[in-house]
Amino acid sequence: GEFHRGTGAVLRRGFYQTMVASTRRVDMFLPNSQAEMKRVQEDFGLSDPPCQVIPNAVDKRLFDYDRVDLDRNFLDQYRDCVLCVARIDGRKNQLSLIRALENAPYQLGIIGQPSPNHQAYYRKVRRAAGPRVVLAGQVPHERLPGFYKAARVHVLPSWMDTPGLSSLEAGIMKCNLVVTRKG
């Protein structure tokens, strides 16, 4: 129910046809893997488009488990919590995560800012968040290692995602990972 300027054009042309038209205007595809590029080719009938595979990566200097010190605030609020680091919108599916943990004895930390076009979804997330849910908002990237180190598990419950950078960061910080089959 939330519209922006491009919504009318998408509705007139159709979502798939809009995506096909977009793929025809691309100078270079930058997939995270060859498998991802193959899927784009199959989905949109492209034969041998120009592409350069750019794998996702983590800055090991910043995300160095042994060098990250935790202060008392991290330990008190985030020790052994369930953590979700992602932009807050329907595709990232935080609302289902909140509901799934509603009666569980775990603290849930959600880090990320709401997407501008998903404010109604964000209001639902805020209403659903109970006393064991901390909505931390946007956190500077250089502070994320402490959150990951304190947490027990990182959950990225996205309906669709490429290898989530937040999962890669959490994994290198020794978090257990939970992702969907679509993630």
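Is Arg-152 buried, exposed or partly exposed? Arg-152 is partly exposed, with a relative accessible area of 47%. This value, like the others here, comes from a predicted model.

Arg-152 forms a salt bridge with Asp-80, and the closest N and O atoms are 3.2 Å apart. Asp-80 sits in the loop between α4 (72-78) and β1 (82-85), while Arg-152 sits in the loop between α7 (144-150) and β4 (153-156), so the pair ties together parts that are 72 residues apart in sequence. Asp-80 is also partly exposed, at a relative accessible area of 36%.

## Other salt bridges

The structure holds five salt bridges. One of them joins Arg-39 to Asp-43, with the closest N and O atoms 3.4 Å apart. Both residues belong to helix α3 (residues 34-44) and are four residues apart, about one turn of the helix. Arg-39 is exposed, with a relative accessible area of 57%, and Asp-43 is partly exposed, at 37%.

Another salt bridge links Asp-89 and Arg-87, whose closest N and O atoms are 2.5 Å apart. Asp-89 is buried, with a relative accessible area of 3%, whereas Arg-87 is partly exposed at 37%.

## Cysteines

A disulfide is a covalent bond between the sulfur atoms of two cysteines. A pair counts as a disulfide when the sulfur atoms are within 2.5 Å, and the count here is zero. For Cys-84, the nearest cysteine sulfur is that of Cys-81, 11 Å away. Cys-84 is buried, with a relative accessible area of 1%.

Cys-175 is in no disulfide either, the nearest cysteine sulfur being that of Cys-81 at 7.7 Å. Cys-175 is buried, at 7% relative accessibility.

Definitions and conventions:
Residues numbered from 1 in each chain as written. Predicted model: local features only at pLDDT ≥ 70, side-chain atom pairs only at ≥ 80, totals over all residues. Heavy atoms only, no water. Buried < 20%, exposed > 50% of the residue type's maximum accessible area, 1.4 Å probe, protein only. Salt bridge = Lys/Arg side-chain N within 4 Å of Asp/Glu carboxyl O. Helix = DSSP H or I, 4+ residues; strand = E, 2+ residues; numbered from the N terminus.
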